[in-house]
Amino acid sequence: MSNEERFTAEEWHRRLAVSLFNETWTYIEKPDRTPAETDRMIHMAHASRYHWEQVGKPINLGRGEWQVSRVHAISGHADTAIYHGMRYLQILEENGIGDWDVAAACEAIARGYMVAGDSEKTTEYLAKAREACKNIKDSDDLKVIEKDLETIQVP
């Protein structure tokens with residue numbers, strides 16, 4: 001018998017979703033990504049989101065959309081960043097999910113509009129994110145969102 005681990009399809013998808021999501025962060029946080037690393041980061045974020053779709057709950061799908069939006073924003077792909085930020089917000093609304101996720105979705109959309117150079121929409125979604133911050137219960141979650149919002153500059 002082989003020493004290989006055996007997983008159900010669900011376990012396999014879940015492990016890949018988590019692993020890819022976490023590894024994507026190493027590239028998000030890397031200041032000097034090569035073009036190949038940027039491509040890898042984008043592909044990993046999309047792959048993680050796909051695997052979450054197989055086994056995750058709406059919250060996992062939404063947060064996967066957030067990460068996809070972020071990697072596209074930092075890669076200069078404004079339209080794609082906005083699209084995935086909007087998908088995150090839609091998933092939250094369809095499933096009655098609130099708290100910090102709403103602020104994070106608005107942050108993602110604002111960031112996409114910042115990359116697009118749209119000052120009006122950036123300002124609009126920054127305001128929505130700040131308003132949503134009023135509903136964040138956990139102070140640590142609030143600090144994370146506020147830190148992200150500080151990195152968005154109105155063009």
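Helix α6, residues 119-133, has 15 residues and spans 21 Å from its first C-alpha to its last, close to the 21 Å expected at 1.5 Å a residue. The expected span is 1.5 Å times one less than the number of residues in the helix. Helices here are DSSP runs (H or I, at least four residues), numbered from the N terminus. The model is predicted: local features need pLDDT of at least 70, side-chain atom pairs count only at pLDDT 80 or more, and totals for chains, interfaces and linings use all residues. Residues are numbered from 1 along each chain as its sequence is written, and side-chain values use heavy atoms, with hydrogens and water left out.

**Helix α6**

- Thr-122, Tyr-125, Leu-126, Ala-129, Ala-132 and Cys-133 are buried in α6; buried means under 20% relative accessible area and exposed over 50%, with partly exposed in between (1.4 Å probe, protein chains only).
- These residues lie on the same side of α6 because they cover an arc of only 125° around the axis, the arc being that of the directions from the helix axis to the C-beta atoms.
- An α-helix has 3.6 residues a turn, so residues three or four places apart point the same way.
- The buried residues of α6 pack against α4 (78-95), α5 (100-116) and α7 (139-150), where contact means heavy atoms within 4.5 Å.
- The N-terminal end of α6 is capped by Asp-118, which has a side-chain oxygen 3.2 Å from the backbone nitrogen of Glu-120. A polar contact is a pair of N or O atoms within 3.5 Å; within protein, one must be able to donate a hydrogen and the other to accept it, and residues adjacent in sequence count only if both atoms are side-chain atoms.

**Helix α7**

- Helix α7 has twelve residues and reaches 16 Å from its first C-alpha to its last, close to the 16 Å expected at 1.5 Å a residue.
- Ile-145, Asp-148 and Leu-149 are the buried residues of α7.
- Seen down the axis of α7, the buried residues fall within an arc of 100°, so they line one face of the helix.
- Lys-143, Lys-147 and Glu-150 are exposed on the other side of α7.
- The buried residues of α7 pack against α3 (58-74), α5 and α6.
- Asp-138 caps the N-terminal end of α7, with a side-chain oxygen 2.8 Å from the backbone nitrogen of Asp-140.

**Cysteines**

- The structure holds zero disulfides, a disulfide being a pair of cysteine sulfur atoms within 2.5 Å.
- The sulfur of Cys-106 is 9.1 Å from the closest cysteine sulfur, in Cys-133, which is too far for a bond.
- Cys-106 is buried at 5% relative accessible area, and Cys-133 counts as buried at 9% relative accessibility.

How values were computed: Helices (H or I, at least four residues) and strands (E, at least two) are DSSP runs, numbered from the N terminus.
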